[in-house]
Amino acid sequence: MLISDQLERDGPSARPGTPRRAFLSGIAAVATSAAFRAVAAEEPGRTEASPERIVVLDWGLAATVIALGVAPVGVPAIAYYTRNVVTPPMPENVVDVGLLFTPNYELLYELRADRILIPPELEVARTQLERICAVSSFSLRDRNGTSLEAAASATATVAADLGRRDKGQALIATALESLSQAQERLTKYAGRLFLLTSFVDDRHVAIFARGSLYDDVLRRLGLVNAWQASAGFGGRIIVGIERLADFPDSHVIVISASGRGLPKSAEGLRFWRALPFVATHRIIEIAPVYEQGGLPSIIRFATLVSTAIAKEGVDE
């Protein structure tokens, strides 16, 4: 008996003051990079009329594939994707294949996929997965925190591999234009300090620093990340909520995740309201953005952040 029904669970640069023309010139180079040109030749015989049956064992890759106009036949923990990745929306009839790092192998076999796409973290499972069908690995990020370049390069590679090169170019162009529009929207806020956070529970928050997708986008929009300390690979560190008191002059961006936004309990609210930037209304809350989601997440984060800041009218 298939167990897929039991497996729907959660899974776990420009600088301030950079002129618009210089910013556009810099990011436009991404689309014409050597990495992009290297994958210009499409795989022989692959057409949009005869697409492969693709299983994608990564939410960021799934978002990229869907944005390229390809509907996967299987993706893990679709409920998590719907809550936290959000866009592009998951197509109907995509099968939930279990948990992110422990998919249902029986179900994967029954889907009769032509290929399975995985992130580097799942290379340990390649041997088992190759018993089912061909496996391809792609990384949407690098260790330098340059999410835009890494995601653009990976998008170009995936697009050419799936016979969707034009869609890949269009997605990269959309990302660049979204960043340009967001930076223009925030011109008068250039150089302001922001702390990027997401609540883990009412007493702990994740801080996003250099190396994270959020930080990379923030810097490209001309804003400054108040957290300058190292946060390890992925640019993410968990700290007690009291650490936020070290940043009384910063504005705080709270990124909702897994349905968790600002504290709701009495205890959590007590700690939260004691923080200096709460009393001065320096809080901006935005909807979920998947932190490893490639270009779709970059587009979503840049749009949500710039719109929220402009709407709130951040003060000095």
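Accessible areas here come from the Shrake-Rupley method with a 1.4 Å probe.

**Figure 1. Welcome to the whole protein, shown as a predicted model.** By that method, the protein exposes about 14,200 Å², and carbon and sulfur atoms supply 52% of this area. Buried residues account for 52% of the 316 residues. As you find your way around, look for 12 helices and 11 strands.

**Figure 2. Helix α7 meets helix α8.** Here you can follow α7 (residues 147-161) and α8 (residues 165-185), whose axes come within 7 Å. They cross at roughly 160 degrees; because angles over 145 degrees count as roughly antiparallel, α7 is roughly antiparallel to α8. The crossing is right-handed. On the α7 side, look for Leu148, Ala152, Thr155, Ala156, Ala159 and Ala160; their partners in α8 are Arg165, Gly168, Leu171, Ile172, Leu176 and Leu179. Sorted by class, this contact of α7 with α8 brings together nine nonpolar residues, two polar ones and one charged one.

**Figure 3. Helix α9 crosses helix α12.** This view takes us to α9 (residues 213-220) and α12 (residues 294-312). Their axes come within 10 Å and cross at roughly 50 degrees, so α9 and α12 are oblique to each other. This crossing, too, has a hand: α9 and α12 make a right-handed one. From α9, Leu213, Tyr214 and Val217 reach the contact, where they meet Gly294, Ser297, Ile298, Phe301 and Ala302 of α12. Six residues in the contact of α9 with α12 are nonpolar and two are polar, with no charged residues.

How values were computed
Residues numbered from 1 in each chain as written. Predicted model: local features only at pLDDT ≥ 70, side-chain atom pairs only at ≥ 80, totals over all residues. Heavy atoms only, no water. Axes fitted to C-alpha atoms, helices over the stretch in contact; angles between N-to-C directions. Helix = DSSP H or I, 4+ residues; strand = E, 2+ residues; numbered from the N terminus. Parallel < 35°, antiparallel > 145°, perpendicular 65-115°, else oblique. Left-handed = near helix turned anticlockwise from the far one by under 90°. Contact = heavy atoms within 4.5 Å. Nonpolar A, V, L, I, M, F, W, Y, C, P; charged D, E, K, R; others polar. Buried < 20%, exposed > 50% of the residue type's maximum accessible area, 1.4 Å probe, protein only.
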